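Please read these points with the sequence and the model open side by side.

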Amino acid sequence: MADEQGLIPAASDPAARGPGSRTRLIAGLAGYQRAVLLSYSRILFAEDARIGVPLLLATFVDPRLGAFGLSAVLMSFLVVRLGRFSEVSAAEGIYGYNPP
């Protein structure tokens, strides 16, 4: 089930299956995309996801470095979900930059 605000969908959400599930999946991935970009933009203390795009791309100058950085951000979302931390803060990119 998604959190109360519907910011980060749960993988086991039964509502994610059935008619319209593709739309919900795309909406859920868009939420993660924004959260990832905000995590990168928080490095410069910015609150705009568009600033995270060049930073994310810059880390992929070295593909291994970029993959490790992106996996660290995604792992922080897993820690937030398992630790039952504030998913509102996770959606804003707070934990991706400064994990709990």
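1. Is S41 buried or exposed? The model is a predicted one, in which local features need pLDDT of at least 70 and side-chain atom pairs count only at pLDDT 80 or more, while totals for chains, interfaces and linings use all residues. Residues are numbered from 1 along each chain as its sequence is written, and side-chain values use heavy atoms, with hydrogens and water left out. S41 is buried, because its relative accessible area is 0%. (Buried means under 20% relative accessible area, exposed over 50%, and partly exposed in between, with a 1.4 Å probe and protein chains only.)

2. S41 lies in helix 1. Leaving aside residues up to four places away in sequence, S41 touches A46, D48, I51, G52 and L55. (A contact means heavy atoms within 4.5 Å.) S41 and G52 are 11 residues apart along the chain, and their C-alpha atoms are separated by 4.1 Å.

3. D48, one of the residues touched by S41, also forms a salt bridge with R50, where the closest N and O atoms are 2.8 Å apart. (A salt bridge is a side-chain nitrogen of Lys or Arg within 4 Å of a carboxyl oxygen of Asp or Glu.) The structure holds one salt bridge. R50 is exposed, with a relative accessible area of 64%, whereas D48 is partly exposed at 26%.

4. F45 is found in the loop between helix 1 and helix 2. Its phi is near 60 degrees, a positive value in a residue other than glycine. Most residues other than glycine have a negative phi. F45 counts as exposed because its relative accessible area is 69%.

5. The chain has five helices and zero strands. (Helices, H or I of at least four residues, and strands, E of at least two, are DSSP runs numbered from the N terminus.) Of the 100 residues, 29% count as buried. Among contacts between residues at least 6 apart in sequence, 45% join residues at least 24 apart.

6. Which residues make up the largest nonpolar core? There are 11 residues in it: A35, V36, L37, L38, Y40, A49, L56, V73, F77, V80 and A90. Helix 1 (21–41), helix 2 (49–59) and helix 3 are the elements that give two or more residues to this core, and helix 1 has the largest share, five residues. (A nonpolar core is a set of buried Ala, Val, Leu, Ile, Met, Phe, Trp, Tyr and Cys residues joined through side-chain atoms within 4.5 Å.) L56 touches L37, Y40 and L70, not counting residues up to four places away in sequence.

7. (Patches are made of residues with over 30% relative accessible area and no salt bridge; like charges are joined within 9 Å, and nonpolar side chains, namely Val, Leu, Ile, Met, Phe, Trp and Tyr, within 5 Å.) L78 is in helix 3 (residues 63–83) and is partly exposed, with a relative accessible area of 47%.

8. The chain averages a pLDDT of 74, and 64% of the residues score at least 70. (pLDDT is the predictor's confidence in each residue, from 0 to 100.) Among the elements, helix 2 has the highest mean pLDDT (92) and helix 5 (residues 94–97) the lowest (64). Over residues 1–6 pLDDT stays under 50.
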